[in-house]
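Subject: Handover of a structure

Dear colleague,

Please find the structure below, followed by an account of what was found in it. I would be grateful if you kept it open while reading.

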Amino acid sequence: MIKTLISNIDEFDIDKEIIKEHAKLISEGKTVIFPTETVYGLGANALDTEAVKKIYEAKGRPSDNPLIVHICEKDEIKELVTEISDKAKKLMDEIWPGPLTMIFKKKDIVPEKTSGGLDTVAIRMPSNPIAREIIRQSGVPIAAPSANISGRPSPTKGKHVCDEMNGRVSGIIVGGDCDFGLESTVVDMTSEKPMILRPGSVTKEQMEKIIGEVLIDPSIENKEDVAKAKAPGMKYTHYSPNGDVYIVSGNQKNVIDKINSLIEENENKGLKCGVICIDENKDKYKGEVISLGTTLEEVGANLFDSLIDMDKRKVDIIYSEAFSNSGVGRAIMNRLLKSAGYKVIES
């Protein structure tokens, strides 16, 4: 059990002395959890192999899964990568700081432990001011996957990380709720045609307006596991709560009828059931119901929180409505399908 320094910080009035304490932990090769605009990250010095090992230990994560390296200024990328294409520069200019991770060929300064044994490195410049300040004060790029036990839903609130990670890391900065609630979009920039490896709140359509055609990795659209993941979250099962998750698709009335029928059937067996859905349908379901909001952006922001909440309610089975598979909906369905182990019921 590690003694964890837990600090509360207001992102609109940052106490730099508190940040300094946590930045010192990073510079000493220890692990610190901090908020970003996407999800909370579990950080350590990206250039220190022993420090990076502590991330894997805290998460219980397989060490062939690459980590995202976070920087606080665009120029810092030059120390980490061998080449930056014109398309990458355009995306950096338009979207950074923000929820977009780009993959480049790495320089030798980036340890293989950070890159998951690959010759590439994933880099992001977060917009959250707390994240930027701890990177700045620590003086090193910070490798930071989501701050959860591997395979579990990613944390979007400070209370999530305190519940799950207290005693597993050296520091936790609690800095409010994350804006987007889904991990960053990951795009591979090492080929002529960039390819999305993990969808997020920065959409294919947004990027194509800036750089032209962007491909989507075929594994995003099906359930085959990825033997050698180039990006976090490409492995088969991910984001899973304790309860079994099922996605129910079809027209709205059929979906509601099907879910209520399944709940009745399972409650008769003594199983506790929950539903996650859009706000307009929340009063139409039986069981434990959580509204994800009215827009796809709200659904994305609330998705992981709802799965964690279902665990707290000790739900055995979770049914989710299906969502549009375009724009931000592609990222939502990607996370839901992995959470459900690709269990989809047609209504």
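**Strands and their partners**

Valine 186 stands opposite arginine 198 in β10. Strands, like helices, are DSSP runs numbered from the N terminus (E, at least two residues, for a strand; H or I, at least four, for a helix). The model is predicted, so local features need pLDDT of at least 70 and side-chain atom pairs count only at pLDDT 80 or more, while totals for chains, interfaces and linings use all residues. Residues are numbered from 1 along each chain as its sequence is written, and side-chain values use heavy atoms, with hydrogens and water left out.

Strand β9 (residues 185-188) and strand β10 (residues 195-198) pair in the antiparallel sense over three bridges; two strands pair if DSSP finds at least two bridges between them. β9 also pairs with β5, here in the parallel sense and over four bridges. Within that pairing, isoleucine 103 has aspartate 188 of β9 as its bridge partner. Strand β6 (residues 120-124) runs antiparallel to β5, joined to it by five bridges, and threonine 101 has arginine 124 in β6 as its bridge partner.

How buried is β5? Five of the six residues in this strand (100-105) are buried, where buried means under 20% relative accessible area, exposed over 50% and partly exposed in between (1.4 Å probe, protein chains only).

The whole sheet is open and mixed in its pairing, with eleven strands in the order β1-β8-β2-β3-β7-β4-β6-β5-β9-β10-β11. Its edge strands, β1 (5-8) and β11 (215-216), each pair on one side only.

**The largest pocket**

The largest pocket has a volume of about 220 Å³. A pocket is an open set of points on a 1 Å grid over the protein atoms alone, where a 1.4 Å probe fits, with protein on both sides within 12 Å along at least five of seven lines; lining residues have an atom within 4 Å of a point. The volume is the space filled by probe spheres set on the points, which are joined across faces, edges and corners. Among the lining residues are Phe104, Lys105 and Met189.

**Methionine 333**

Methionine 333 lies in helix α10 (residues 328-339). Is this residue buried or exposed? Methionine 333 is buried because its relative accessible area is 9%. Methionine 333 and isoleucine 220 are 113 residues apart in sequence, yet their C-alpha atoms are 9.7 Å apart in space.
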